[in-house]
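Thank you all for making the time; I would like to walk you through one structure this morning.

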Amino acid sequence: MNIKKGDTVIVLSGKNKDKKAKVTSVVTKTGKLIVEGVNVVKKHQKPTRNFQGGIIEKPLPLFASKVMLVCPRCSQPTRIGVKLSGEGRVRVCKKCSEIIDKD
């Protein structure tokens, strides 16, 4: 997967289309990721010993193909390339050809 935790992404489809947000966690096994403030649902939680109960807001994961990385240098949504350099594998912006970070 080309997107990591902490990357800024833009949502390509769905009810939160064109929203920029930060990735909070990545599930590589299923190819999904949780994005801050995107795909948030309300859940009715029963009371337990540790929790009072009530309606809570919970972010659900969405597929990685529904988001696109925003390049930190050129601030545009871009595809990601991988190059081999002296430091090893690095992620590269396809639009401005700048190195994003080490892979």
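What pattern does the protein follow when it is read along the sequence? In this model, which is a predicted one, the pattern is β-β-β-β-β-β-β-β-β-β-β. The radius of gyration is 17 Å, well over the 13 Å that the globule rule gives for 103 residues, so the protein is more spread out than a compact globule. The C-alpha trace, taken along its principal axes, spans about 55 × 25 × 20 Å.

Let me turn to the pairing of the strands. Six strands form an open sheet with antiparallel pairing, and their order is E6-E3-E2-E1-E7-E8. The edges of this sheet are strand E6, at 62-63, and strand E8, at 77-78, each of which pairs on one side only. Within the sheet, strand E1, residues 8-11, runs antiparallel to strand E7, residues 67-70, and three bridges join the two; here Val-11 stands opposite Val-67 in E7.

Buried residues make up 27% of the 103 residues, and, of the contacts with a separation of 6 or more, 35% are accounted for by residues 24 or more positions apart. The protein exposes about 7100 Å², with carbon and sulfur atoms supplying 50% of that area.

Finally, the charges: the protein has 23 positive and 8 negative ones, and the mean positions of these two sets are 9 Å apart.

Notes:
Residues are numbered from 1 along each chain as its sequence is written. This is a predicted model: local features need pLDDT of at least 70, side-chain atom pairs count only at pLDDT 80 or more; totals for chains, interfaces and linings use all residues. Side-chain values use heavy atoms; hydrogens and water are left out. Helices (H or I, at least four residues) and strands (E, at least two) are DSSP runs, numbered from the N terminus. The radius of gyration is taken over C-alpha atoms; the globule rule is 2.2 Å times the number of residues to the power 0.38. Buried means under 20% relative accessible area, exposed over 50%, partly exposed in between (1.4 Å probe, protein chains only). Contact means heavy atoms within 4.5 Å. Accessible areas come from the Shrake-Rupley method with a 1.4 Å probe; for residues, only the protein chains shown count as cover. Lys and Arg count as positive and Asp and Glu as negative; His and the chain ends are not counted. The place of a charge is taken as NZ of Lys, CZ of Arg, CG of Asp or CD of Glu. Two strands pair if DSSP finds at least two bridges between them.
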